[in-house]
Amino acid sequence: MSPELGVEQLSESRMLGLCFEDVERHQYVLHRDASRRAAALADAIGFARQHPSVYALPGDPDPVGTAERCAVTEASCRLQLSENTVRNLVHTADAARASLPALWAQAWEGFASLAQVDAALALVPRFDAHPVGALTAFDEALADLAPDCSPALFRARARRLADRLAPVDPAAEHTAARRARTMVVETCEAGMSWVHLLTATTDAIAIKRRLTATAKHVQHNVRDGRTRDQVRADLATAWLRGTGTPTAVTTKVYVTVPLDQLTPEAQRTVRQDLPVPAGAPDLNQTARLDTGDTIDKTTAIRLLLEAGSFTRIITDPVTGVILDMDRTARTATRQQREWLLHTHATCTRDGCSHPAAESDIDHWDAFHGPGRGPTDLRNLHPFCAPDNQAKEKTRYQYRRRDDGTVQLISPTGYATRRPRHGEREATAILTRLHAQTSTATDDPPF
């Protein structure tokens, strides 16, 4: 024992050590449970593929594909995960059990994470042109590495090991990787979002150098207090939007007009019988985009000043619900579509986050057929293409609620649920709590 450490200090050190050991134990449990959840998901989807009649109707030209899509959707709803996440977990479990059994065994016991397994699986295709023994050696070596490596270090060592065991032509590898190039927008907070661009490293470096060089020039000529990073971000945004060019992005601005701001004559012309979901946003309180994301007042005013045209939406001054939207054919009008986008923001099916702007405008009661559902707002809702197809061609049942949201009922007996409270309900609860607090404050002391 070090002479500098007293008995009390040694005891505190031991206690802290025990705390870290407890954290490690939970880490192993998390890894183990994650791998077993992925395996259970893969087994469930596999069962659906083997028994497609659970979801697919007779005469379906691709019953296995239909069953897989439906099973993935149900798993997504049950676990509150995106369908892409479900598919990725299923692929990880199936591929690792088939190609990397030693590494999967480590994950199964909690000594490897799914991030490590995914990193290894990304390199497995390189072994297709090499003897089976090379992949086995790769698997066993990674199984030994996993418990002592962070995901980043594990990924680097796995790549170096793959380079030795299964060397590939760098040009061919780059060509294959380049096929995955993409652009993703990720909503952040306070009206901000990340724009992720996966592109060739040479292009990425060239983009940054052009931005940096232009930013230096701007900072030299326009001293407005912006940092170099801020100027680069502003330049990239302007270039992508095409600001100042003939192909510049145009922005549609929605302006809400409270009913009490209109003249009595104008108020009498407003329709007040339009269907409004219980959870519809209060457009009188917060400006928002058709994605459902809110924006600050300053941004809304800037968009208003930049806009070249306007769409009028009249709202109730108390509830904030939309009261008037023009309309009367099978295809929804532009105004109806815009109203639906602001009311729902996403596909109306529980748990589906597909943007309403990219969804179909569906007739709940079919326009064609004996019922001939009308093209009015009470019968229209945004429905993503997969759900629109599944509604007609699978054993799924869909039930529309009074607020316009849609419940999914699976042949397995599972039924989705909507969130307990929407924005309007939450506001009402908060108002009631404030009222109760005020009442309690006014009561005389005992």
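A disulfide is taken here to be a pair of cysteine sulfur atoms within 2.5 Å. In this structure, which is a predicted model, the sulfur of Cys347 has its closest cysteine sulfur in Cys352, at 3.8 Å, and that separation is too far for a bond. A search covering the whole structure likewise finds zero disulfides.

## Helix α13, an enclosed helix

Helix α13 spans residues 334-344, and because nine of its eleven residues are buried, this helix is largely enclosed by the rest of the structure. The buried residues of α13 include Trp339, Leu340 and Leu341, and among them are also Gln335, Gln336, Glu338, His342, Thr343 and His344. Just after the helix comes Ala345, which takes a positive phi of about 70 degrees.

## The packing of helices α4 and α6

Two packed helices are described by the angle between their axes and by the distance between those axes. For helix α4 (residues 101-109) and helix α6 (residues 132-145), the axes come within 7 Å and cross at roughly 25 degrees. Angles under 35 degrees count as roughly parallel, and α4 and α6 are therefore roughly parallel to each other.

On the α4 side, the contact is made by Pro101, Ala102, Leu103 and Gln106, while α6 contributes Asp139, Glu140, Leu142 and Ala143. Sorted by class, this contact of α4 with α6 has five nonpolar residues, one polar residue and two charged residues.

## Arg164 in helix α7

Helix α7 covers residues 151-165, and Arg164 is found in this helix. With a relative accessible area of 62%, Arg164 is exposed. Arg164 and Phe138 are 26 residues apart in sequence, and their C-alpha atoms are 9.7 Å apart in space.

Strand β8 (residues 397-400) pairs with strand β9 (residues 406-409) in the antiparallel sense, over four bridges. Within this pairing, Gln397 has Ile409 of β9 as its bridge partner. In a regular strand, the side chains alternate between the two faces of the sheet.

Together β8 and β9 form a hairpin, with five residues lying between the two strands. In the turn of this hairpin, Gly404 has a positive phi of about 95 degrees.

How values were computed. Residues numbered from 1 in each chain as written. Predicted model: local features only at pLDDT ≥ 70, side-chain atom pairs only at ≥ 80, totals over all residues. Heavy atoms only, no water. Pairing = 2+ DSSP bridges. Axes fitted to C-alpha atoms, helices over the stretch in contact; angles between N-to-C directions. Parallel < 35°, antiparallel > 145°, perpendicular 65-115°, else oblique. Contact = heavy atoms within 4.5 Å. Nonpolar A, V, L, I, M, F, W, Y, C, P; charged D, E, K, R; others polar. Buried < 20%, exposed > 50% of the residue type's maximum accessible area, 1.4 Å probe, protein only.
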